[in-house]
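Got your viewer open and a cartoon view loaded?

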Amino acid sequence: MNILLTGFTGNLGPSIAAALADHRVFALVRNGAAPAMPNVTTVTGDLDHLPEGVCGDVEVIIHAAANTGFTTPLEELRVVNVTGTEKLLAYARRCPRLRRFVHLSTCCACGTASGTIPEAPLRRPDSFINPYEQSKWEAEQAVQASGLPYQIVRLSIVAGSELDGHVRRPGALHHALLWLYRGLIPMMPGTAEAPVDVISLEFAAACVAEAVNRTPVSAPVVHAALGARAPHLGELLQHCAGLFRQEHRGWQGGGITLPDIVDAQTFALFEQSARQTGDLLFQRVCEDAQSFLPGLLHPRVYAAEHNAHLPAGDWRQLLTRVFTHLKTTHWQALRASTT
């Protein structure tokens with residue numbers, strides 16, 4: 001099949017293209033600079049300048065491009081995540097051979113909902129933890145109202161590659177790992193039993209490929225998630241502590257220990273006191289924490305029935321490889337920018 005892929009130069013793009021090796025992929029890129037892959041043809045453009053030249057050939061569109069800034073203002077996020085999606089949907093209607101529109105969303109589009117999150121369209125949550133979640137929920141509404149044959153693939157937390165741990169662009173999870181490693185997060189909100197659903201690039205890409213290849217469409221929404229197989233916060237922290245002790249004298253000697261897991265009120269007081277110090281590093285830590293950690297106060301399990309047959313790998317091995325990669329690459333630059 002001929003597939004148009006947006007977001008090819010992002011974290012997940014090359015892995016998606018690799019999982020679609022049997023198909024021809026037109027990768028939408030702004031300036032033509034992109035990884036070279038045998039099944040990929042780059043086409044210049046963006047969500048404001050879509051490639052009319054391949055419109056007649058496209059059979060599937062995979063929309064992976066997004067602004068993933070958790071602290072970015074909502075109106076700025078909407079420009080890419082909502083309006084950009086609407087523009088791509090309008091383009092899709094002009095593709096005479098279109099079979100399916102595959103939209104990549106996030107499991108966090110459920111906002112502050114807790115419990116089991118179904119593989120189904122979501123009612124508007126009571127609230128959202130950050131503007132990014134709201135923009136992705138709004139984008140889902142646009143896809144569902146489009147009248148096109150679609151499938152939404154909601155991704156849980158994509159940690160990195162299960163092969164070598166590589167991360168193209170570190171996100172909130174990776175920043176949180178750094179602050180933990182340095183002993184700068186003395187407490188975390190939630191409970192030790194709260195699930196933390198972390199998946200690899202390869203598993204996420206396999207779920208997207210399944211959405212392309214599965215005929216007929218099994219459900220309008222599927223989750224790329226571990227679901228009931230996800231680790232709990234307590235065991236994830238214990239695993240990270242074991243990794244840190246191998247590398248850091250503070251952890252080895254007991255000078256740095258695991259953070260306390262506290263309720264929402266206690267964590268809010270910690271954030272308030274940290275901000276009052278005026279320390280720029282602590283302010284950065286709090287900013288990252290506020291965009292990511294409060295989700296632990298709303299424990300949920302993402303139903304993952306439709307992709308349960310795909311091998312998801314071992315989360316411990318995944319985090320070990322991601323940690324090894326981060327400490328020798330991205331963390332060097334991040335430490336320099338916060339000291």
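Start by selecting strand β1, residues 2-6, together with β4: the two pair in the parallel sense, with 4 bridges. For a contact to zoom in on, pick Ile3, whose bridge partner in β4 is Val60. Keep in mind as you go that this is a predicted model.

Now go to the other neighbour, strand β5 (residues 100-106), which runs parallel to β4 and is joined to it by 4 bridges. Here, click Ile61 and look across to Phe101 in β5, which stands opposite. To see how the chain gets from β4 to β5, trace it through helix α2, residues 74-93. That β-α-β crossover is right-handed.

Next stop, the aromatics: the model has 6 aromatic pairs. Select Phe128 and Trp137, whose ring centres are 6.3 Å apart with planes at 55 degrees, so this pair counts as tilted. Are these two buried or exposed? Phe128 is buried at 16% relative accessibility, and Trp137 is buried too, at 9%.

Last, select Tyr181, Phe244, Trp251 and Phe323 and show their rings: ring pairs link them into a cluster.

Conventions. Residues are numbered from 1 along each chain as its sequence is written. This is a predicted model: local features need pLDDT of at least 70, side-chain atom pairs count only at pLDDT 80 or more; totals for chains, interfaces and linings use all residues. Side-chain values use heavy atoms; hydrogens and water are left out. Two strands pair if DSSP finds at least two bridges between them. A crossover is right-handed if, with the strands pointing away from the viewer, the path from the first strand over the helix to the second runs clockwise. Rings of Phe, Tyr and Trp (its six-membered ring) pair if their centres lie within 6.5 Å; planes under 30 degrees apart count as stacked, over 60 as edge-to-face and the rest as tilted. Buried means under 20% relative accessible area, exposed over 50%, partly exposed in between (1.4 Å probe, protein chains only).
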